[in-house]
Each structure stands twice: as C-alpha cells, then as structure tokens.
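This report describes how parts of one structure are arranged. Please consult the sequence and the 3D view while reading.

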Amino acid sequence: MKETIKICKKGYDIVIEKGSGCIRELYDNKDANRVNLVDRNRRFGSLAATFKDKKSYHTEISHVAESKKHIVIDDQLITHSFSYLRGSCAVFTNIEYNSTLKYEFMDEFFILSIEAADTNISQFGMNLDFNFLGKLGTGYEDQVIPTSPYTSADGKASYYLMTRPNGRWVLVTSPQPLAGWRLEYSPNNFGHFILGLKMFESFDDVFVSDSGTKQKHTIALRIDFPDTYREAMSLASSALGSPVPYFPVAGGTLGTELPMTIEGVYNKIILHSPSGNSTDITEHVVEDSGVYQVSIRLCEEGFYRVEAFGNSLNSLDCVLFSFSGWNELFRKASSTIEQPYHCDENLAEGGVWCWALCEHIKRFGVDPQLADRVLEHIDHKILNLSGVSPTPGCSIVPYPHRFEGREYGPYHIFESTRIQEQFFGVSILLSAYQAFGNSSYLEYAIDTLLNLLHEHIAENGAILCYEKGREIDYTTVCAPVIAVVDMAKVLGERRDPREAVFQAAAVKIADYLLQRGFHFPTEGDQEYSQSEMEDGSISCTALSVLYVCFHIEFKHEYIRFAESILRLHDAWKMYTPDARMYQSSFRWWETIWEGDQDGPCINAGHAWTIWRGEADFYYSLLTGDMNRLLSSYNAYLTNLSKIQQDGTVYACYIPDYIPYSTEPGVLVHRYPLKPDHSLSRYVWPRAVDTWFKSSGIHSQKGKPIALNGEVTFHENCLVFMSTAPEFSYFFVGDIRGRIRLATEKRITIISQTEYLSVYQGRIEAAQGIRCEITPENKWIEIELG
C-alpha cells in the first residue's frame, strides 16, 4: 500500500499519495453516499506537459470518425514526491523537471498549484480526472458531469462548473488566466464517455505556434463543493475577485426587458450591445434583500454582453440573445437551406429540413421553390415514386424486403435498423399532408405507422429495434411516440375511427415507460459503463409521457413520473450564463457527423436540446410550474441563437478548444465553420405548437420576467403585449395584481394562483390551473392575488 496523506476538513476529505502527489480519494462531506470524486487512475493533480525540443504529437486515423486523421498529443504525465506538510500546506517536488506541486487546504475548499521553471516547456497543464459519468465502479447518481465551462470574453477569467445527478455540484476556478481546457473523450463507442479533463496554462505549440518562451510556468486551481447554483456563482465571484452576472432567462424578442443578478461586490457594470456600443449601467443596479439586480431591455437583434467589474483586474460577463420574432427567424432559417442537407440521406437527421419546410409552407403559404424541393424529396426519395433504387434509411417501401437476415413487411424503412427513421418519415408525411392537402401522404403515413405498430411495438408497449439478432429498446430514441400521438390528433380532427388505434398505442407506450422507470436504454453499448445514461433517452422519457398525458390521456402518475425524470435530467443541463449554452442539454458526440465533423466535443444548443425544452413546456402546461417554463424557453433560445443575421445556421456552439479529432494550428471555442442545413431546423416543427402559441410572465425579486412578450405599466396595471405569432396560452407565475393582455382571440390563462378575477373579458371555462377567457374590445384584464 502506497503511503498517503489524509486531510479532513469541514467541507471535504482528501487523500494524497506521497509518492506522486496525486489525489487518490476526494470526498464532498455533504454527499450522503460519500463517493470518491476522483478517477481510480490516480492522475488527478499531475502535470501534463510537452517540450519544445521533443516531438509532442503523432497523427492517426480517428477511431471515432474513421475517415478523418487527428492529432494525438503525447504529453508526459509528471508526478511529484512529498517534500513537507506545514500548517495548511502540503508541498511536493520533482527535481528532474524543476517543478513544485502545492496544496493549500481551507475549511470548505482547497487549492492545488504547479510551478515549473523550464523554458523548454510547450504545453503546461494539470490533469483533473474526476469520477466522470459512465466510469465503471460507481453508480451514475454520484458521478460528475462536466456540463458548464466558462471563459470570459477577454480570456482572463475562467471556471468550470460540474453537476452531479444527486444534486451536488463541483466548481473549479482559476485565479489566473488560462489558455483553455480539454476534455478527453473515449476513443471507443463513438466517444460516448468522458475519460478526463486537462486545464492548461499554455497549449502545445502544435496548436499555438507563437507561444513564445516563458521563464516560469504556473497553474493554480481551486476546488469547491457548492450546494446550489447561486452558491456556485457566489464562490466563483469570491475565487476570481469579480462580480458574476447571470440571469433567469437568456434573451427574448425585441422589446423584452430582463432582470439580471449581479453576484458579488461590483464597481462597474457595462452593457455591450450587438452593434458594438458600450454603456455604463451601474447607476441602474438596485438592491433588494442583499441581492443586486439590473434590468436589460433588448432593443437590437443579436448578442448583448453584460460585463461586471469588481476590485480585481478580472471582469466576468454573460451573454443574452435578442431576436426580431419567431416568424422572422423561421423565414430567415428556411431561406438558407441547401444541399447537401446532411452527411447522409436518412430521415431522423438528414430529413428534418423537409419537415421544417412543410411547417413553413403550412404557416406562410406555398413558395414554389421551397414546395418543389419538398415534393421532389417526398415523392422521389421517401415514397420512391420514380422507381429508381430506394435510398437506405430514407425510402419507405410499400413492399416486403429482407435486411440483415430479417424479413420486413410493406411500408418499412428501406435497409435500415434505425427505426427512428421510419417514425420521422411518418411525421414528415403528416406535415406534408397538412401543407399540401394531399390525402395520399396521409394514407401512406398511416400504413407506415401501422407497420411499426405491427413489427416493432411489443405487447408491453416497448418499441424494439432489431440489430444483428438482438432486440434493442428504442422506446426513447428520438421520442418516437410523438408520431403516434400526432397521427391520433390528425385522424381525430377528421373524425376518422382509426384514431382509436393510435390513441391506444400511445397510452401503451407511455404505460411501458412508467413501468420501465429509471432505465434509459439507447443506441450504443455498455462495455465501459455501469449503465448508459444518455441525455436524450432521459429527456425523451419525460417528453414521451407528458406528450401522451396532454394530448391523449391525462394520468397523475404520468406527471409525477415525468417530474422525477426532469429533476434527474437537470444534471444533464448546461448552466454557463451564455445564451448559446444556458440550459442546453449536455451532449458531445453529434459533431462526429455534423458541423466540421471533428469528433466528440460539447454540442451546446444542439437540436436534441429541444427534447428537454419541449418536456419542460408540457410539464408547465400541465402543472403551471414557471421554473420549468423558464427552462423550456432557455432551451429553445440555445437553438435560435445559432441563426446568424444572414440566415446561416450551425449545428451547435462548441465551447471546447480542442475537439477529439483536431488539426494542427486549430483551436475551436466557436461555432463550426460549416453551416448545417437539416437537423438544426428541428426547432421549427417543435416550436409551432409550443412557443409560437405561448407567452408568460414571472418575477425575480419583484422584477418582471417576460417570456415572448413586452411589459409596460399603466395606472398600476401590468400591460403585456405578446410576441407569440399564434398567442393562445398565457402562463402567470409569481405575479400579483392586475394584468392587461392585448389579444383578439380566446386565451387560456395558466396559473397556480388560488385567486383570479376577470375585469375585462368573458370566462368560457375554468378548471384547476386553467381558465379560458374571451377578450372584450381586444383586451383581457385579470387580477391575481
């Protein structure tokens, strides 16, 4: 057994190996299960260095994206031997590399720093190999998920906030400027697992050719264990010596006024507008019960940045996104769709552009150019009416065929085991039927969905995929129940008796998910993990039962189950105060195929974030929970913020500096270079029945938070002007007093308040949290108490 030093403090216990200086064990003392937070490989706290006089990398074919070469950094793992323990400090040294590792132990946090005097050093960083999600030996509930990296706009301040499914947090801050960081993604199983984290004072010269020569290299990192997000922001402020600005909502339509919290002691607050103007707004900061707030009105399209200064040289900032309107962005994003749509011609990713354009035509009418493109794809690719060879993963063929040793009946996706393609095909055909009025599309969609019910839905409601002789549970891969529910809705509107078949199937699927519980199977394997805990399968579980609950059959147990799933999935959300990332789902492997195809890296604002955003929306619609509604709006904003002024749309925003597959001289930390033309448009089919129809009002310390609308005050009455194109739902949160709504149509008010009076308008129906009101003279006026 190697000799160790054990330090027990109020907030944590730590065990350090004397022979290496690396952390063997680290415990958050508020963690009820007392799980070791560091990896068993015993690298945590070691130096990751390369040297200018030695070749530091080699090139190889990526195991993740086999068509692409990538750079592998051959850094040296440098450890340190124990020197002395004095007071609250432990010091370790390495004579060969003239480096010193120092630990400073405070009651609630500790600081570890490495210093080396060697002008030959190129890369200088520290290994922080936490017990990341998916590593063997620990249940997922207690593992660490590196969701939320932050770097200030000037690059001088950074922190990394990490979630844990058990509700605890880990915060890493650097009191000095860092060059950046790198997550180490697994070379197997499509990079589904995160193996380690490196924080860098300097990158290797292969990435930064002008790194220069330093006499001394230093990196210092502080580790905290916050109880809450707000405490994490307070600790970041304390560690970095600067106030932290953050928000409940990351943006909105033009005219929206949003409150913002300033955490920590501030001297100056500067607002940077999209047009480049900078305004000192310090005098507008107000204090309420020890909380400092300032309101920002969004008057220009694009990104706003709020920069907060304290007593140190650092400033911290946050980023808001402002847009002209939903219809305007939809038109803009539709105008730039072009071939190639995706890296392949499947339907679940590569066919989303077609679904989005069908929704565009439903909303804005037939544009001949868009319509021709859509009809050509549907008729010649999906339905294969031209009679040429069908396209695997895209064509739905009306005759039996055999694939991978299995016989499939008529109306099955051609030569693909990915049945999400077939469900997406149903959704595209349903939308095309509504856009063009062609009933043959509807009948083809019905036959396609009946094939799925017959061949892929088990007696217990599980949706099964058959691959290489195996049955794989695909019930929550891309939320396939959406197509089943939507079919029932369309047939119900037509009074078609076949509606009942799909209603029953939807309920059976939801009931199965209820019975399946906290098990989230998905694509991939379990070789390197206790259990695959993939963001999408978790969020789609909640979305599936809520979608059925709202549209088909209300069950209290659906809502209770979904609430527990959403609470769990909160750990798979990003919390960086930047509209491109804030409350995005945490995903990292879609860029194997999308964007610049540079392998796994954080896919902030990816289209699949909408699964979580839509689940939050329906939970709010069913319960009136305003915090979930804010989460939903933020999730959609991460997707809208990818749309540039000229209509260019990207697959995601990438906070990583070095993705898995990278090239010499390339640091990322930006949008991909290549636009996206298909899956990035998933937001539109999923927004037309959610945020196109909804607005809301909540408050933070008395300041209104407007969602999809503009707030003014007139004679002690809050006046709300909705910017939702088809305003139908108005959510009211922690607001009391009178509210006037401008509207020409009936509105459903959703609120948990116990008291609601109507002063202008006529109540048509009221039950529970919902009250339907018809306006009088284009206004509704209510009072809540």
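## Terms and model

Two strands pair if DSSP finds at least two bridges between them. Helices (H or I, at least four residues) and strands (E, at least two) are themselves DSSP runs, numbered from the N terminus. The structure is a predicted model, in which local features need pLDDT of at least 70 and side-chain atom pairs count only at pLDDT 80 or more, while totals for chains, interfaces and linings use all residues. Residues are numbered from 1 along each chain as its sequence is written, and side-chain values use heavy atoms, with hydrogens and water left out.

Strands of a sheet pair through backbone hydrogen bonds, either parallel or antiparallel. Here, eight strands form an open sheet with antiparallel pairing, in the order E8-E9-E10-E11-E18-E15-E14-E13. Strand E8 (81–86) and strand E13 (145–151) are at the edges with a single partner strand each, so one side of each has no neighbour in the sheet. From one strand to the next, the twist averages 15 degrees; angles run from 0 to 180 degrees between N-to-C directions, and axes are lines fitted to C-alpha atoms, for helices over the stretch in contact.

Within this sheet, three bridges pair strand E15 (residues 169–174) with strand E18 (residues 217–224) in the antiparallel sense. Val172 stands opposite Ile223 in E18. Helix H1 lies across strand E14 (158–163), E15 and E18, and runs at about 20 degrees to E15.

## The four-stranded sheet

A second open sheet has four strands in the order E19-E21-E25-E24, and its pairing is antiparallel. Its edges are strand E19 (244–246) and strand E24 (286–288); each has a single partner strand, so one side of each is left without a neighbour in the sheet. The twist averages 35 degrees from one strand to the next.

E19 and strand E21 (residues 257–263) run antiparallel and are joined by three bridges. Val244 stands opposite Glu263 in E21. Helix H1 (residues 229–240) packs on this sheet as well, touching E19, E21 and strand E25 (291–297), where contact means heavy atoms within 4.5 Å. The direction of H1 makes about 150 degrees with that of E19.

## Two helix pairs

Two packed helices are described by the angle between their axes and the distance between the axes. For helix H5 (residues 420–436) and helix H7 (residues 481–493), the axes come within 9 Å and cross at roughly 25 degrees. That makes H5 roughly parallel to H7, given that angles under 35 degrees count as roughly parallel, over 145 as roughly antiparallel, 65 to 115 as roughly perpendicular and the rest as oblique. Residues of H5 including Phe423 and Leu430 meet residues of H7, among them Val484 and Met487.

Helix H10 (residues 556–569) and helix H11 (residues 609–623) pack at about 140 degrees, with axes 11 Å apart. H10 is therefore oblique to H11.

## Salt bridges

Side chains of opposite charge can pair when their charged atoms come close. The whole structure contains 56 salt bridges, each being a side-chain nitrogen of Lys or Arg within 4 Å of a carboxyl oxygen of Asp or Glu. One of them links Arg42 with Glu17, whose closest N and O atoms are 3.4 Å apart. Arg42 lies in the loop between strand E3 (23–28) and strand E4 (47–51), and Glu17 in strand E2 (residues 12–17), so the pair ties together parts that are 25 residues apart in sequence.
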